[in-house]
Amino acid sequence: MKIPKTIAVLFLLLAISLPLLRSSCSGGDKELAEETAELFPDITHRATLLAMRDLGNGATLVDITNPWDTSALLASYLLVGDAGRPDSVPPRDRLTEIRVPLRRSAIFSAIHAGAVDELDAVGSVAAVADAEYFKGRVARRIADGSIADLGSSLSPSMEKVTLAKPDAFLLYPMQNAGHGALENSGIPIIEMADYMEATPLGRAEWIRLLGILYGRRAEADSIFASVEEKYTALAAKASKLEKRPKVLTEMLTSGYWFVPGGNSYMARLITDAGGEYPWAADKSSGSLQLDFSAVYARAADADIWIVRTYGSDLTLAGLREVYPLNSQIKAFKTKGVYSADTHKVTLYEEFPFHPELLLEEYAKIFSGDTANLRYFKQTH
């Protein structure tokens, strides 16, 4: 069996990263944001880390809460449209002003690129990092040279950044880790902390921020309203299931087994789909780094085992080859293992902003209705 790429790459794509640590705006800014809410109510209602306030005149104030210290803000932005800066702007100690819609953005995640593609704003993407992971229209424009490849997201080429002339970077924040040379480029960095939201709908609502950034507000609002309606209906249906299978995710790689924290959107998605999650009582919103014994102690009797790979089709024989004791997990013995090769399917590109698609898939697997699955297949 070809062993999947390292878990670091897998979780970078999935964006359920093991928290590292990051600085933030002051707690004073958080207090100012709370005062602002009285004059300009938050127009988001599912996201807990994203607050957007319509200042009128086509301007939007965006406050992003620090996921690792919710008493402080990670960043604040004033998004200014063609009408220019509004006369009155709520005070912030640190406020980054950005002209919208963006014309030449640089995107470092295929997840955000997928949403921008859906918003029909790919023409406003000038550059990407980790180009090999992009799909759809973005991938085609990379291939024909219309979109520049900046190289690795961990060390992008500053020479290529200069040539691409992006008007903003869309980046994932990491705890206590900055963005290196990009922070000295003078180009605004938009901290896309969507992956740290605790609920699937909370993360999905960040498409509304992308809608404002790319001049597609109405389209983004419509997409989210549809997602919210479908997700809510599916979750309500799944909540009536009498039997809730125990669900294990991922696999041991390089000595570690990363599972979603109990307060993460992935754990919530499993629960909403009718599954029982072994770490549901955990309060972490990122990932848990465990060894095999810790996983086995909690999930040896798992009925369903969900595994994501990249660039390889998983087999039961291969799963045993990776770690012989994998064969002792109940789901292995009962052929309850389901895998998705994310190099072939559009799981990563779709589910963050369309969690209803993955919810429907999980609900089918958990109920035993495994015909016509979109992403996963039963592993033999």
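Two strands count as paired if DSSP finds at least two bridges between them. Strands here are DSSP runs of E with at least two residues, helices are runs of H or I with at least four, and both are numbered from the N terminus. With that in hand, hello everyone, and let's walk through this one.

A quick word on the source. This is a predicted model, so local features need pLDDT of at least 70 and side-chain atom pairs count only at pLDDT 80 or more, while totals for chains, interfaces and linings use all residues. Residues are numbered from 1 along each chain as its sequence is written, and side-chain values use heavy atoms, with hydrogens and water left out.

Let's begin with the sheet. Three strands make an open sheet, ordered β11-β12-β13, with antiparallel pairing. At the edges sit β11, residues 252-253, and β13, residues 287-290, and each of them pairs on one side only.

Which residues of β12 are the bridge partners of Leu-252 and Thr-253? Leu-252 has Trp-257 as its partner, and Thr-253 has Tyr-256. Those are the two bridges that join β11 to β12, residues 256-260. The two strands form a hairpin with two residues between them, and in that turn Ser-254 has a positive phi of about 55°.

For contacts, I mean heavy atoms within 4.5 Å. For angles, axes are lines fitted to C-alpha atoms, for helices over the stretch in contact, and the values run from 0 to 180 degrees between N-to-C directions.

Next, a pair of helices. The axes of α8, residues 217-238, and α9, residues 265-272, come within 9 Å and cross at roughly 55°. Under 35 degrees counts as roughly parallel, over 145 as roughly antiparallel, 65 to 115 as roughly perpendicular, and the rest as oblique. So α8 and α9 are oblique to each other.

If you'd like to find the contact on screen, look for Tyr-231, Ala-235 and Ala-238 in α8, which meet Arg-268, Leu-269 and Asp-272 in α9. Those contact residues divide into four nonpolar, no polar and two charged. The nonpolar class is Ala, Val, Leu, Ile, Met, Phe, Trp, Tyr, Cys and Pro, the charged class is Asp, Glu, Lys and Arg, and the others, Gly among them, are polar.

Helix α9 is mostly covered, with six of its eight residues buried. Among them are Leu-269 and Asp-272, which also belong to the contact with α8. Just after α9, Gly-274 takes a positive phi of about 100°.

Helix α3, residues 110-118, is mostly covered too: seven of its nine residues are buried, including Ile-111, His-112 and Asp-117. At its start, a side-chain oxygen of Ser-109 comes within 3.1 Å of the backbone nitrogen of Ile-111. After α3 comes Asp-120, with a positive phi near 60°.

Most residues other than glycine have a negative phi, and most peptide bonds are trans. Yet the peptide bond from Val-100 to Pro-101 is cis, with omega near 0°, and Pro-101 lies in the loop between β4 and β5.

Asn-57 has a positive phi of about 60°; this residue is in the loop between β1 and β2 and is partly exposed at 48% relative accessible area. Asn-372 also has a positive phi, near 60°. It is in the loop between α14 and β16, and is exposed at 71%.

Last stop: is Ile-189 buried or exposed? Buried, with a relative accessible area of 13%. Ile-189 is in strand β9, residues 189-191, and its C-alpha is 6.2 Å from that of Leu-170, 19 residues apart along the chain. Not counting residues up to four places away in sequence, Ile-189 touches Tyr-77, Phe-169, Leu-171, His-179, Leu-182 and Glu-183. Thanks, everyone!

Note on methods: Buried < 20%, exposed > 50% of the residue type's maximum accessible area, 1.4 Å probe, protein only. Polar contact = N/O pair within 3.5 Å; in protein donor to acceptor, adjacent residues only side chain to side chain.
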